[in-house]
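This briefing goes through one protein model by topic.

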Amino acid sequence: MMTRHLLAGSLLAAMTGGTVAAPPLEAELVGAFFETEQVDVAVSGSVVVGVTSTAVQGGKSVGSLLLQHAAGDAQVCLTMLSRDGVYYSRNTFRLPEAGAGQAVRLPYRSNLRDRLDGYAASDLAMRASAGSCEHGTNLYYVLGAASGPAPAAIRVFVNSFGATDVFYRSAAHGLEGSCSPIAEGRRTSFDHWCDIPWPKDGAERVEVGIERERYGREMPAVTLTLVLQPQD
């Protein structure tokens with residue numbers, strides 16, 4: 001058990017680019033774990049389907065998910081949705097009371113780990129929003145992975161709802177660019193991703209707008225606030 005905790009601390013240090021840190025605290029699942037696989041899934045009305053760092057590599061990362069606990073948030077809602085719409089999960093986690101400002105691990109005890117391992121980074125959108133799953137919010141934790149590489153960018157998975165062009169923009173941090181369409185395979189749940197460069201100013205939170213156009217005609221934009229993990 002001690003070896004496992006030491007390894008987790010080393011991985012967290014590698015992710016944050018600093019010295020060896022204490023093992024991350026762990027969130028607590030609220031209620032029964034919910035996940036499902038079904039062929040016909042109703043697509044949600046959310047434009048933002050997933051928010052992670054590029055350190056998260058699809059289904060292989062679900063056992064090592066980390067977030068930076070922001071003060072004032074007692075719970076988070078973690079959802080996972082496969083691009084083909086077959087896999088879906090939605091669970092509320094209670095964050096440690098003493099964990100504000102620290103890395104917290106989300107224990108994802110799936111009964112379908114073998115199936116999840118087959119989902120690549122482009123196939124599985126993960127999203128951790130502030131509060132319980134009963135309350136919607138535009139505040140998202142940028143999920144990291146203790147076992148992944150140091151994140152180079154923030155990755156936002158988008159359901160464009162028929163847009164021909166999707167963009168991201170953060171005026172305060174001088175970030176803007178085009179999002180990448182996913183051209184192959186089923187795109188039931190999302191069809192674009194936006195790789196947003198990690199802010200170089202050390203910001204803890206970043207406000208980003210996701211803008212869409214259909215043949216040059218603007219569609220409603222979505223603004224989200226992202227809670228970042230420290231990189232130093």
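Four strands make up an open sheet, ordered β4-β12-β16-β15, with antiparallel pairing. β4 (48-53) and β15 (180-181) are the edge strands, each with a single partner, so one side of each has no neighbour in the sheet. This is a predicted model, in which local features need pLDDT of at least 70 and side-chain atom pairs count only at pLDDT 80 or more, while totals for chains, interfaces and linings use all residues. Residues are numbered from 1 along each chain as its sequence is written, and side-chain values use heavy atoms, with hydrogens and water left out.

**Sheet**

- Helices (H or I, at least four residues) and strands (E, at least two) are DSSP runs, numbered from the N terminus.
- Two strands pair if DSSP finds at least two bridges between them.
- β4 and strand β12 (residues 153-158) run antiparallel and are joined by five bridges.
- Val-48 has Val-158 in β12 as its bridge partner.

**Disulfides**

- Two disulfides are found in a search of the whole structure, a disulfide being a pair of cysteine sulfur atoms within 2.5 Å.
- Cys-77 lies in strand β6 and Cys-133 in the loop between β9 and β10 (139-141), so their bond ties together parts 56 residues apart in sequence.
- Cys-77 is buried at 6% relative accessibility, and Cys-133 is buried at 11%; buried means under 20% relative accessible area, exposed over 50%, and partly exposed in between (1.4 Å probe, protein chains only).
- Cys-179 and Cys-194 form a disulfide with their sulfur atoms 2.0 Å apart, and this link is right-handed, with 100 degrees about the S-S bond.
- Because Cys-179 lies in the loop between β14 (175-178) and β15 and Cys-194 in strand β16 (residues 192-197), the pair ties together parts 15 residues apart in sequence.
- Cys-179 is buried at 8% relative accessible area, and Cys-194 is buried at 0%.
- With the bonded cysteines numbered in sequence order, the pairing is 1-2, 3-4.

**Salt bridges**

- The structure has eight salt bridges, each a side-chain nitrogen of Lys or Arg within 4 Å of a carboxyl oxygen of Asp or Glu.
- Arg-109 and Glu-26 meet in a salt bridge at 3.2 Å, N to O.
- Arg-109 is in the loop between β8 (103-105) and α2 (113-116) and Glu-26 in strand β1 (residues 25-26), so the pair ties together parts 83 residues apart in sequence.
- Arg-109 is exposed at 55% relative accessibility, whereas Glu-26 is partly exposed at 36%.
- Glu-26, Arg-105 and Arg-109 are linked in a network of salt bridges.
- Asp-123 and Arg-83 form a salt bridge at 2.7 Å, N to O.
- Asp-123, in the loop between α2 and β9 (124-130), and Arg-83, in the loop between β6 and β7 (87-94), are 40 residues apart.
- Both Asp-123 and Arg-83 are buried.
- In the salt bridge of Arg-169 with Glu-176, the closest N and O atoms are 2.4 Å apart.
- Arg-169 is partly exposed at 36%, and Glu-176 is exposed at 53%.

**His-69**

- His-69 sits in the loop between β5 (65-68) and β6 (75-82) and is buried, with a relative accessible area of 4%.
- Neighbours within four places in sequence aside, His-69 contacts residues including Leu-95, Pro-96, Gln-102 and Tyr-141, where contact means heavy atoms within 4.5 Å.
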